[in-house]
Amino acid sequence: MGSVSAQMGQNADIRRRGWSSSDAVQLLPHGVASYARGYKDGYVSALHDHPRHQLVYAVAGLMMAEADGTSWAVPAGSGLIVPAAMLHEIRMVGEVQSQSLYIDPAENGAGAMAACRAVTIPPLLAGLIEALCAMGNPWPLPPRAHHLSQLILIELEAAPDTPLALPYPPDGRLRRVCDALMADPGSVRTIDHWAALAGMSRRSFTRAFQRQTGRSFGQWRERLRCQIALRAQARGEEMERVARDLGYASRYALQAMMRRLV
């Protein structure tokens, strides 16, 4: 009875504070709490943070996130790990079904959540997350839920990173180039043009860009185009036109690039 009374009091506190359902989940005593819901196209989870680590997994649809100075594309079959207290914003593109896990930083195995990263969710991990979400956070915690949670943390640590992160360079000169390219992602201007826009030599520009983003300028531009194409695809836009706008000769060429990255 004590745990039931405590939960009732907790629910009353949630209503008084006007918190959302996902906020409420984070108050649960579970080391790993789950939360699943659907979102309409265009829904924005504005800039916020959580007291727990979060894995937000796109079961269907596309999520575009901003976190840790990076733009992240999270298509179906992928997830984004957001460490506790990290500010982030998520926009839904198309109809999105998501499953989230909120993980106590003190939980054994939570070290896999210490850095922000986008990961591929393999079938085994997807099945474990779905099974835990289906249980609905029972308390006291049954053995099956405990074992599912521990397996999830083990599999998350082994989950491969996706190649769709788009880090923003801290140097204002390089950010000026990134902003210009985002405004005209199909531009065919040469790297010498972009170096001049940054006020740098070609050699200094390419070295600085690689050092500050972890990618060459060409790789960064390709990932930007892939993110834009993913958004267009999720909205059902005509891909032949999208390919032309992004500087590709045909939608087949664009889709080949997307298959290689995604």
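How many of the residues lining the largest cavity are nonpolar, how many polar and how many charged? The lining divides into 5 nonpolar, 3 polar and no charged residues; here Ala, Val, Leu, Ile, Met, Phe, Trp, Tyr, Cys and Pro count as nonpolar, Asp, Glu, Lys and Arg as charged, and the others, Gly among them, as polar.

The model is predicted: local features need pLDDT of at least 70, side-chain atom pairs count only at pLDDT 80 or more, and totals for chains, interfaces and linings use all residues. Residues are numbered from 1 along each chain as its sequence is written, and side-chain values use heavy atoms, with hydrogens and water left out.

**Figure 1. The chain as a whole.** The chain has 10 helices and 8 strands. Helices (H or I, at least four residues) and strands (E, at least two) are DSSP runs, numbered from the N terminus. The C-alpha trace spans about 70 × 35 × 35 Å along its principal axes. Of the 262 residues, 47% are buried; buried means under 20% relative accessible area, exposed over 50%, and partly exposed in between (1.4 Å probe, protein chains only). Among contacts with a separation of 6 or more, 71% join residues 24 or more positions apart, a contact being heavy atoms within 4.5 Å.

**Figure 2. The largest cavity.** Rolling a probe the size of a water molecule over the atoms shows where empty space is left. The structure holds 1 cavity of 30 Å³ or more, and the largest cavity has a volume of about 30 Å³. On a 1 Å grid over the protein atoms alone, a cavity is a set of points where a 1.4 Å probe fits but cannot get out, and a pocket is an open set with protein on both sides within 12 Å along at least five of seven lines; lining residues have an atom within 4 Å of a point. Grid points are joined across faces, edges and corners, and a volume is the space filled by probe spheres set on the points. The lining of the largest cavity consists of His-30, Val-32, Ser-34, Leu-132, Asn-137, Pro-138, Leu-141 and Ala-145.

**Figure 3. The loop between H3 and H4.** Asn-137, one of the residues lining the largest cavity, lies in the loop between H3 and H4. Although Asn-137 is not a glycine, its phi is positive, about 55 degrees. Its relative accessibility is 18%, so Asn-137 counts as buried. Pro-140 is also placed between helix H3 (123–135) and helix H4 (143–158), and the peptide bond that leads from Trp-139 to Pro-140 is cis, with omega near 0 degrees.

**Figure 4. The second largest pocket.** This pocket holds about 230 Å³ of space. Its lining has 17 residues, and Met-64, Glu-66, Ser-71, Arg-91 and Arg-231 are the closest to its centre. Strand S3 (53–67), strand S6 (88–103) and H8 each give two or more residues to the lining. The largest share, 4 residues, is from S6. By class the lining has 9 nonpolar, 3 polar and 5 charged residues.

Figure 5. Gln-227 belongs to helix H8 (residues 217–234) and counts as buried because its relative accessibility is 1%. Beyond its neighbours within four places in sequence, Gln-227 contacts Met-64, Ser-71, Trp-72, Ala-73, Leu-164, Ala-165 and Leu-166.

**Figure 6. The crossing of H8 and H10.** Two packed helices are described by the angle between their axes and the distance between the axes. The axes of H8 and helix H10 (residues 251–261) come within 10 Å and cross at roughly 105 degrees. Axes are lines fitted to C-alpha atoms, for helices over the stretch in contact, and angles run from 0 to 180 degrees between N-to-C directions. H8 and H10 are therefore roughly perpendicular; angles under 35 degrees count as roughly parallel, over 145 as roughly antiparallel, 65 to 115 as roughly perpendicular and the rest as oblique. From H8, Glu-222, Arg-223, Arg-225, Cys-226, Ala-229, Leu-230 and Gln-233 make the contact, and from H10, Leu-254, Met-257, Met-258, Arg-260 and Leu-261. This contact has 7 nonpolar, 1 polar and 4 charged residues.
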